[in-house]
Amino acid sequence: MEKNVNETSIENLFINSRVASNISNIIESTLGPAGMDKMVVIDNDKQLITNDGATILNSLKFLSPVAKIMVEISRSQDLEVGDGTTTVCLFAAELILISKALIMEGLCTKEIIKNFKKAALISVHLLEKLSFRPIDKDFRSLKSLLLSCCATTLNSKLIASKRHIFSRIIVDIALSAGKNFNHNLISVKTIVGGSLSDSFFFFGIGVKKPFSYAGFEKQKKKFYNPKILLLDLELELKTEKTDSEVRVNNILKYKQFVDAEWSIIYEKLDQIVHSNTKVVFSKQSIGDLATQFFSERGIFSGGRIPFNDLLKISKATDAKIFSTLTNFSHTHLGKCGMVEEKQIGEHRYILFSGCLTDAATIILRGNSQRLLEETKRCLNDGIMVVNKVLKNQKVVGGAGSIELKLASKLRHYARTLTGKEQIILGKFAQSLEIIPKILCRNSGLDQLKILSALRTQHEKNESWNGINVENGKILNTKENHIWEPLCVKLNAIQTATEAACMILSIDSVLSD
């Protein structure tokens with residue numbers, strides 16, 4: 001019976017390691033500045049072009065529970081820090097493959113899991129010790145730090161050639177808000193036409209001009225310091241959604257019934273006008289009657305506004321969203337410096353500027369919708385990284401330097417140990433080198449020659465040398481401002497180790 005259990009456990013280990021290896025093979029070619037893109041075809045009618053690990057894995061359908069765990073850690077990394085989604089999967093897969101070799105040599109799974117967790121704790125301690133704050137107390141050095149971290153993140157994306165343009169946009173928005181910077185207050189709008197260099201940002205909220213009835217063209221297009229009313233109700237006469245019947249015995253009662261319906265909507269419109277509101281937006285429809293009514297009284301209106309846009313307007317202007325006008329209060333109206341309708345490309349947008357919060361909108365221009373969608377995903381990574389660095393200004397070297405330095409420190413510590421513990425910690429250190437190894441492979445470089453030289457340098461001194469993927473040489477990442485946020489590496493190592501230990505602890509898969 002014990003033999004059968006062991007055979008089942010080893011067979012399950014082989015299956016799990018094969019699944020992890022397959023996941024790694026899917027996304028490893030996307031790592032680094034020389035990484036390639038993937039085209040994902042969804043339901044035979046939608047194509048997605050991206051090199052973001054989390055986006056690729058989330059777009060694919062997996063049946064294996066192990067594959068789903070790998071997808072979840074990639075998604076977790078993306079939500080938590082915004083970058084390192086490919087790194088976390090590659091590291092977790094490498095830990096599982098190394099564990100397979102150790103188990104085949106006779107080591108106990110529980111012993112491997114225990115020492116992997118120990119190695120992860122040591123790595124976290126070393127990362128905290130090795131990280132640095134490369135800034136003084138002046139504004140210029142902080143801006144330089146944020147630009148370097150953001151540019152490093154975007155350098156491996158589709159928009160690498162325009163990384164300095166978008167880095168400046170993101171950093172300017174972040175610095176204007178300071179410590180109160182909230183990435184949820186940044187909206188990104190895509191408009192087909194022009195080039196990526198034509199992209200710009202402004203402080204405020206921008207929403208696409210909604211569907212409008214006759215009378216909209218007569219409304220004013222610009223308001224200064226207006227009161228803003230946000231609604232989640234219809235302002236139009238509509239037929240009943242269900243069949244209904246009203247019986248009357250004379251024509252006067254019929255007229256009273258019709259007049260009552262008109263009086264209800266006019267009462268609502270008069271209530272809005274008397275509140276001195278100048279801008280009215282609703283999630284639901286604002287009909288032709290209400291549109292013309294508002295237009296004649298100098299009120300700007302729009303219906304069928306997407307609820308996400310309505311929420312952002314609410315946060316930026318401090319306006320409450322009303323679902324009824326029964327307990328309508330003037331104190332819950334929003335305010336901003338200016339509201340105007342403006343032509344951008346082929347579309348018209350409604351822009352809110354001078355808002356009460358540090359809301360900002362980035363307008364992306366490009367020659368195709370797919371390019372703009374991928375650019376939007378790339379910007380999200382950059383925004384998340386800047387947000388983290390602004391709150392915790394510790395960074396480490398990029399280009400594979402921190403992984404090699406960490407591996408060197410772990411090997412040095414492992415030499416002070418004996419037996420199985422020394423072997424397992426040495427293998428953990430070896431698994432960290434998967435990142436610089438794949439960076440070399442994707443760049444077409446001689447990985448044996450470069451990694452050997454880098455290992456020697458990191459063993460001899462406290463260098464921050466990494467891989468220059470452009471010319472195949474070694475460069476000092478600290479001096480060349482190739483920095484990554486400490487939180488990205490911390491989260492990647494902790495998440496990958498936990499996932500690998502969880503998968504290793506599975507000896508069989510049961511189903512009902």
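Which phenylalanines do ring pairs link into a cluster? I looked, and F223, F281, F300 and F352 are the ones joined that way. Rings of Phe, Tyr and Trp (its six-membered ring) pair if their centres lie within 6.5 Å; planes under 30 degrees apart count as stacked, over 60 as edge-to-face and the rest as tilted.

**Ground rules**

I am reading a predicted model, where local features need pLDDT of at least 70, side-chain atom pairs count only at pLDDT 80 or more, and totals for chains, interfaces and linings use all residues. Residues are numbered from 1 along each chain as its sequence is written, and side-chain values use heavy atoms, with hydrogens and water left out.

**The whole chain**

I found 16 helices and 17 strands in the protein chain. Both are DSSP runs numbered from the N terminus: helices are H or I with at least four residues, strands E with at least two. The C-alpha trace spans about 100 × 65 × 40 Å along its principal axes. Of the 512 residues, 49% are buried. Here buried means under 20% relative accessible area, exposed over 50%, and partly exposed in between (1.4 Å probe, protein chains only). I also looked at contacts, meaning heavy atoms within 4.5 Å. Among those with a separation of 6 or more, 74% come from residues 24 or more positions apart.

**More rings**

My search of the whole structure gave 10 aromatic pairs. One of them is F293 with F294, an edge-to-face pair at 6.3 Å centre to centre and 75° between the planes.

**Two strand residues**

I went to I205 in strand β4 (residues 200–208). I205 counts as buried because its relative accessibility is 3%. Its C-alpha lies 7.2 Å from that of S187, 18 residues away along the chain. Beyond neighbours within four places in sequence, I205 touches S187, K312, I313, A316, I350, L351, F352, C355, A359 and T361.

Next I took I344, which sits in strand β11 (residues 338–344). I344 has a relative accessible area of 6%, so this residue is buried. K208 is 136 residues from I344 in sequence, yet their C-alpha atoms are 9.8 Å apart. With neighbours within four places left aside, I344 is in contact with I191, F200, Y349, I363 and R365.

**Helix α10**

In α10 (residues 307–317) I noted D309, L310, I313, S314, A316 and T317 as buried. Just after this helix, D318 has a positive phi of about 65°.

**Helices α6 and α11**

At what angle do α6 and α11 pack? I read about 145° between α6 (residues 139–154) and α11 (residues 369–391), with the axes 9 Å apart. The axes are lines fitted to C-alpha atoms, for helices over the stretch in contact, and angles run from 0 to 180 degrees between N-to-C directions. From α6 come L142, L145, L146, C149, C150, T153 and L154, meeting C378, D381, G382, V385, V386, V389 and L390 of α11. By class, this contact has 11 nonpolar, two polar and one charged residues.

**Cysteines**

How many disulfides does a search of the whole structure find? I got zero, with a disulfide taken as a pair of cysteine sulfur atoms within 2.5 Å. The closest cysteine sulfur to that of C487 is in C149, 9.1 Å away, so the two are too far for a bond. C487 is partly exposed, at 21% relative accessible area, whereas C440 is buried at 0%.

Key
Ala, Val, Leu, Ile, Met, Phe, Trp, Tyr, Cys and Pro count as nonpolar, Asp, Glu, Lys and Arg as charged, and the others, Gly among them, as polar.
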